[in-house]
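The stops below go from one side chain to the whole chain.

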Amino acid sequence: MANKGPAYGMSRDVQSKIEKKYDDELEDRLVEWIVAQCGAAVGRPERGRLGFQVWLKNGIVLSRLVNSLYPDGSKPVKIPDTPPTMVFKQMEQIAQFLKAAEDYGVVKTDMFQTVDLFEAKDMAAVQRTLMALGSLAVTKNDGNYHGDPNWFMK
């Protein structure tokens, strides 16, 4: 990851608009769903955009989430025994989640890019992807969704 200084001018304005789209209440709902879906072993993030990003950044929580939506024996994402520490391995884990989410039915326009999460470029896009995934899980009604179905639109 390159060293980045502060943004100025138009770059700062664009980043500011992106950051305003992030919804703290939606973060709370998504955290509740992820914990209900995956179990307490995934832990909880510190409140706020940065805490949410750090919690999801290595891709393990996301991988557990998408795997939990599939029946036993057909888990689409391989989860390493120890969380990856190398940057490219973490980004690879996120990419595996994105592929599995797309295979599950999330449309490409609802998907975030790996860099959106990894460098916290657009955490609102991460929220949109998770909302789309949750909505699909509720709609499928195949018994693999855990949590309050009212958290998502059908």
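A residue is called buried here when its relative accessible area is under 20%. The model is predicted.

**Stop 1: Gln 127**

Select Gln 127, which lies in helix 7. Is Gln 127 buried or exposed? Its relative accessibility is 1%, so Gln 127 counts as buried. Now show the side chain together with the backbone of Asp 23: the side chain of Gln 127 reaches the backbone oxygen of Asp 23 at 2.8 Å. To see the rest of the surroundings, leave out the neighbours within four places in sequence and display what remains in contact with Gln 127. Those residues are Lys 21, Tyr 22, Asp 23, Leu 26, Glu 27, Leu 30 and Phe 52.

**Stop 2: helix 7 against helix 5**

Which hand does the crossing of helix 5 and helix 7 have? The crossing is left-handed.

Next, show the side chains at the contact. Helix 5 contributes Phe 97, Ala 101 and Tyr 104. From helix 7, select Thr 129, Leu 130, Leu 133, Leu 136, Ala 137 and Lys 140. Coloured by residue class, the contact of helix 5 with helix 7 divides into seven nonpolar residues, one polar and one charged.

**Stop 3: helix 4**

Move to helix 4, residues 60–68. How many of the nine residues of helix 4 are buried? Eight are, so helix 4 is largely enclosed by the rest of the structure. Select the buried ones: Ile 60, Val 61, Leu 62, Ser 63, Leu 65, Val 66, Asn 67 and Ser 68.

Then bring back the elements around them. The cover over the buried residues of helix 4 includes helix 2 (24–38), helix 3 (49–56) and helix 6 (114–118). Helix 5 and helix 7, the pair from the previous stop, are also among the covering elements.

**Stop 4: the whole chain**

Finally, show everything as a cartoon. The protein has seven helices and zero strands, and from the N terminus the elements run α-α-α-α-α-α-α. Colour by accessibility: of the 154 residues, 41% count as buried. For contacts with a separation of 6 or more, residues 24 or more positions apart account for 56%.

Technical notes:
Residues are numbered from 1 along each chain as its sequence is written. This is a predicted model: local features need pLDDT of at least 70, side-chain atom pairs count only at pLDDT 80 or more; totals for chains, interfaces and linings use all residues. Side-chain values use heavy atoms; hydrogens and water are left out. A crossing is left-handed if the near helix is turned anticlockwise from the far one by less than a right angle, and right-handed if clockwise. Helices (H or I, at least four residues) and strands (E, at least two) are DSSP runs, numbered from the N terminus. Contact means heavy atoms within 4.5 Å. Ala, Val, Leu, Ile, Met, Phe, Trp, Tyr, Cys and Pro count as nonpolar, Asp, Glu, Lys and Arg as charged, and the others, Gly among them, as polar. Buried means under 20% relative accessible area, exposed over 50%, partly exposed in between (1.4 Å probe, protein chains only). A polar contact is a pair of N or O atoms within 3.5 Å; within protein, one must be able to donate a hydrogen and the other to accept it, and residues adjacent in sequence count only if both atoms are side-chain atoms.
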